[in-house]
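Student: I keep meeting labels in structure descriptions. Could we go through some and see where they come from?

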Amino acid sequence: MDDRYVAKRVIYLLGMSAATILFTTAAAFIRGQYLDEWIVLVIINLVFLALWFFLLEHCRMKRSIAGNRETSYRRIFAGYLASLGVTAVCLVLPEFSRPVMLSAILMLGVGNIELSLCSGLFFCSLLGLLCGGTIQEFSMYILLVLIGAVAADAVENSKKQFWYEWFAGMAGMLLPVLFYYLTYREISVRIMVSAVADGVVVFLFLHLCYRKLVDARNAEVDEVMVDITDESYPLARELASFSRADYSHARRVMLVAARCAAVVGADERVCSAAGMYYRIGVLEGAPLAKNGVKMAQRACFPEKVIRIIGEYNGEETLPSTIESAIVHMVDGLLKKLEVLDEDTVGSNWNQDMVIYQTLNEYSAAGLYDRSGLSMNMFLKIREYLVNEEALLV
């Protein structure tokens with residue numbers, strides 16, 4: 001499946017670029033920096049953004065963002081803006097009192113540890129450039145970002161969540177006091193109070209909110225599949241406007257394929273979404289498989305759904321998954337039933353014969369040999385479809 005740049009991802013990339021430059025410009029203006037200093041800061045922004053875009057694409061191609069190569073970056077965009085918001089708050093707080101760990105934790109909640117460290121360290125650099133400060137303070141922020149990202153990653157992947165949350169909170173309390181003393185050789189009550197507050201905020205965020213971010217990130221693909229099967233989804237409305245017959249057929253394939261998937265323990269949501277858009281290529285014409293893939297990629301459909309659309313009717317490649325085999329047989333069967341007149345399949349007996357004949361032909365032709373669909377699964381689906389209520393949708 002060829003990769004391509006799509007409008008949704010480009011829009012979110014441009015949004016992150018604009019937000020970064022606007023933030024830097026506003027902060028430089030508030031801080032009273034000169035024009036030449038602002039220009040240098042913008043150039044530094046552009047260097048970071050080039051690195052950021054490369055890293056985003058690299059992580060996407062590795063499927064390390066929500067496990068989906070076709071992610072739209074929507075959640076990354078929201079997390080990036082939230083991290084910029086944390087950095088904006090940090091700008092107005094006193095030295096050694098800035099909760100930089102939160103920005104790293106936020107980005108890990110919507111992305112991965114690579115994105116978390118990259119953005120967290122950059123925001124620390126921005127704070128240093130905009131606020132000045134000592135090398136000790138800057139070193140402390142770098143260390144806090146590293147601790148925040150590693151602790152949050154451990155919270156996500158370990159059963160001993162409380163201890164990692166406690167460690168991050170304690171680090172947020174202890175390090176500002178130590179680094180402040182290293183800088184000024186004195187203990188500050190103000191720093192101690194703010195450090196305790198920062199540590200408590202980090203602990204509570206990890207304990208109460210971070211898991212929800214991770215769950216939402218991991219559910220990204222499922223959310224997309226629910227959204228695209230809704231009748232109000234733009235591409236669904238476009239298909240309905242193009243042809244009521246094609247739309248009605250797509251809805252039937254969606255529902256029947258999901259039911260068949262449930263019979264054999266396959267992924268119902270994948271079958272549902274792929275069944276709905278199996279023939280979406282009709283909107284652009286032949287070849288249906290290639291054009292369907294292009295449209296699905298532009299809409300940032302989940303990768304599993306796009307793969308099934310690319311295997312439409314075996315035009316380019318035969319079904320390579322159980323879900324693809326199910327959608328193929330349901331689509332072919334319903335097309336055959338729809339073109340036959342009511343007199344031909346007017347009785348249950350005639351309809352049963354059509355189902356047996358059609359599905360047996362598909363199986364005998366070896367269409368599902370690469371899909372992982374076992375003979376036992378095939379027989380279960382066939383018997384289910386023969387049931388007089390199975391096709392009533």
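This is a predicted model: local features need pLDDT of at least 70, side-chain atom pairs count only at pLDDT 80 or more; totals for chains, interfaces and linings use all residues.

Tutor: Residues are numbered from 1 along each chain as its sequence is written, and side-chain values use heavy atoms, without hydrogens and water.

Student: Why is Met170 called partly exposed?

Tutor: Buried means under 20% relative accessible area, exposed over 50%, and partly exposed in between (1.4 Å probe, protein chains only). Met170 has 35% relative accessibility, so Met170 counts as partly exposed.

Student: What makes Glu70 and Arg9 a salt bridge?

Tutor: A salt bridge needs a side-chain nitrogen of Lys or Arg within 4 Å of a carboxyl oxygen of Asp or Glu. The closest N and O atoms of Glu70 and Arg9 are 3.9 Å apart, so the pair meets the definition. Both residues are buried.

Student: How do you know that Lys62 and Glu114 form one too?

Tutor: Their N to O distance is 3.5 Å. Lys62 is partly exposed because its relative accessibility is 44%. Glu114, at 29%, is also partly exposed.

Student: Why are H12 and H15 called oblique?

Tutor: Their axes cross at roughly 45°. Angles under 35 degrees count as roughly parallel, over 145 as roughly antiparallel, 65 to 115 as roughly perpendicular and the rest as oblique. H12 and H15 are therefore oblique to each other.

Terms used: Axes are lines fitted to C-alpha atoms, for helices over the stretch in contact, and angles run from 0 to 180 degrees between N-to-C directions. Helices (H or I, at least four residues) and strands (E, at least two) are DSSP runs, numbered from the N terminus.
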